[in-house]
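Student: I have a protein model open beside me, and I would like to learn how to read it feature by feature. Could we go through it together?

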Amino acid sequence: AISRVIGRQVLDSRGNPTVEVDVVLADGATGRAAVPSGASTGANEAVERRDGDPARFHGKGVTEAVAAVNGPLAAAVTGLDAENQALVDETMIALDGTADKRRLGANAILGVSLATVKAAAAAHRQPLYRYVGGVGARLLPVPMMNIVNGGAHADNPLDFQEFMIAPVGAPTFAEAVRMGSEVFHTLRRSLASAGHSTNVGDEGGFAPDFATAEEALTFVLRAVEDSGYRPGADITICLDPASSEFYRDGVYDYAGEGRKRSVDEHIEYLVELSERFPITSIEDPMAEDDIDGWTRLTARAGDRLQLVGDDVFCTDPARLRAGIDGGYANAVLVKVNQIGTLTETIETVRTAQRAGYRVVMSHRSGETEDTTIADLAVGLDCGQIKTGSLSRSDRTAKYNQLLRIEEELGSSARYAGRAAS
Ligand code: PGA
Ligand code: ZN
């Protein structure tokens with residue numbers, strides 16, 4: 001049973017405060033989890049609680065969320081069986097009482113939820129991925145590695161937020177990491193020799209002063225080729241335009257490019273890019289409130305492109321069901337802090353898998369050294385993960401954890417590869 005719950009304020013990868021929680025069981029087993037934070041958040045995400053005191057951390061302190069952990073949440077879950085994750089999570093949801101966890105804070109609730117499962121795994125002396133997924137958990141995800149950052153994650157004019165590479169042709173996860181790292185460093189050299197900045201953005205990808213997606217895609221494609229890999233066969237390209245960020249008054253406003261595109265023109269542009277470049281997956285190709293656009297793009301290209309819903313679903317099983325019923329998107333991005341408990345996260349993953357939607361486990365742009373999502377990607381058979389670039393320890397920590405998991409699984413490990421996307 002849970003005997004102690006300890007919350008504290010720590011820093012995330014952007015240097016902003018975030019919540020960390022320790023859950024200690026009666027037998028002494030301990031779990032620790034730190035909560036991530038987004039920058040281009042969906043409108044319907046669970047609400048992270050921030051102090052709003054401008055004199056401290058520019059208003060971003062989380063001392064009230066930490067107090068919620070140490071006070072009411074600790075009181076409510078102490079004595080509960082840590083193996084009964086659903087009961088722990090339902091108890092916190094009921095105590096909060098709001099639909100979006102805004103009263104106690106989704107950051108407070110998620111910290112307790114994830115620390116609980118990690119304590120339960122520790123009590124059984126099981127690695128987290130096996131505690132969550134059982135002995136059958138052995139699928140290593142294809143990483144979508146974000147090597148060029150734009151949008152809300154960088155200060156360059158690039159309208160699209162993420163340009164990623166997916167080493168689908170690798171035989172193992174470790175080889176996928178090697179391929180990604182090689183392309184990352186090749187890209188660095190070619191940017192430098194073209195006179196571009198090689199500084200990195202929030203997710204560790206380069207953030208040169210590109211104004212158009214074509215320019216970024218051209219550099220990425222060349223870096224794949226120059227590294228000796230076959231575009232489309234060994235490595236494919238994935239995009240996250242994060243389109244909700246530049247959809248205004250019914251049009252897509254490409255401010256960096258200095259032009260607007262109508263919904264139809266935006267769809268045509270995405271389709272055209274996916275024909276000119278070896279693009280296999282586009283996340284948030286349409287804005288969260290452009291459901292009509294989502295439906296049209298899915299009908300047009302959903303048979304050959306993975307279309308991943310991030311903002312449009314917010315890891316919410318009910319919103320995902322609306323997409324499945326309405327025929328839009330064919331994959332879901334899963335961010336634990338968008339919904340705020342492990343139990344609801346698992347419901348979203350299973351809802352997607354039952355409907356034949358693909359699942360991409362995901363970090364946030366504000367991360368920590370916490371590697372829980374690496375284990376969840378394997379434990380929940382996600383098949384894909386996006387956790388940033390091949391730089392910044394907050395990103396590589398997840399890749400490193402997956403390397404350890406692959407090593408531990410030994411010959412039973414399977415790399416998802418092409419089948420994943
Ligand atoms: P965020 O961005 O974590 O800043 O919301 C990630 C994404 O849009 O996928
Ligand atoms: Zn996204």
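Student: How many nonpolar, polar and charged residues does the lining of the largest pocket have?

Tutor: Please keep in mind that this is a predicted model. As a general idea, rolling a probe the size of a water molecule over the atoms shows where empty space is left. In this structure, the lining of the largest pocket has 5 nonpolar, 3 polar and 6 charged residues. The space in that largest pocket comes to about 200 Å³, and 14 residues line the pocket, with Ala-99, Asp-100, Lys-101, Asp-316 and Ile-339 the closest to its centre.

Student: Now to the helices: at what angle do the axes of helix α2 and helix α3 cross?

Tutor: Helix α2 covers residues 85–96 and helix α3 covers residues 106–123, and their axes, which come within 10 Å, cross at roughly 170°. Angles over 145 degrees count as roughly antiparallel, and therefore α2 and α3 are roughly antiparallel to each other. The handedness of a crossing is read separately, and for α2 and α3 the crossing is right-handed. On the α2 side, the contact is made by Gln-85, Val-88, Asp-89, Met-92 and Asp-96, while α3 brings Ile-109, Val-112, Ser-113, Thr-116 and Val-117 to it. Sorted by class, the residues of this contact of α2 with α3 are 5 nonpolar, 3 polar and 2 charged.

Student: What angle do helix α5 and helix α6 make where they pack?

Tutor: Helix α5 (residues 173–193) and helix α6 (residues 213–226) pack at about 120°, and their axes are 8 Å apart. That angle makes α5 oblique to α6, and α5 passes α6 in a right-handed crossing. If you look at the contact, you will find Val-183, Thr-186, Leu-187, Ser-190 and Leu-191 of α5 meeting Phe-219, Val-220, Ala-223, Val-224 and Asp-226 of α6. The residues of the contact of α5 with α6 divide into 7 nonpolar, 2 polar and 1 charged.

Student: Which residues of α12 and α13 meet?

Tutor: From α12 they are Ile-373, Ala-374, Asp-375 and Val-378, and from α13 they are Lys-398, Gln-401, Leu-402 and Ile-405. By class, the contact of α12 with α13 has 5 nonpolar residues, 1 polar and 2 charged. As for the geometry, the axes of α12 (residues 372–379) and α13 (residues 393–409) come within 8 Å and cross at roughly 45°, which makes α12 oblique to α13. The crossing in which α12 passes α13 is right-handed.

Definitions and conventions: Residues are numbered from 1 along each chain as its sequence is written. Chains are lettered from A and ligands numbered from 1 in the order in which they are written. This is a predicted model: local features need pLDDT of at least 70, side-chain atom pairs count only at pLDDT 80 or more; totals for chains, interfaces and linings use all residues. Side-chain values use heavy atoms; hydrogens and water are left out. Axes are lines fitted to C-alpha atoms, for helices over the stretch in contact, and angles run from 0 to 180 degrees between N-to-C directions. Helices (H or I, at least four residues) and strands (E, at least two) are DSSP runs, numbered from the N terminus. Angles under 35 degrees count as roughly parallel, over 145 as roughly antiparallel, 65 to 115 as roughly perpendicular and the rest as oblique. A crossing is left-handed if the near helix is turned anticlockwise from the far one by less than a right angle, and right-handed if clockwise. Contact means heavy atoms within 4.5 Å. Ala, Val, Leu, Ile, Met, Phe, Trp, Tyr, Cys and Pro count as nonpolar, Asp, Glu, Lys and Arg as charged, and the others, Gly among them, as polar. On a 1 Å grid over the protein atoms alone, a cavity is a set of points where a 1.4 Å probe fits but cannot get out, and a pocket is an open set with protein on both sides within 12 Å along at least five of seven lines; lining residues have an atom within 4 Å of a point. Grid points are joined across faces, edges and corners, and a volume is the space filled by probe spheres set on the points.
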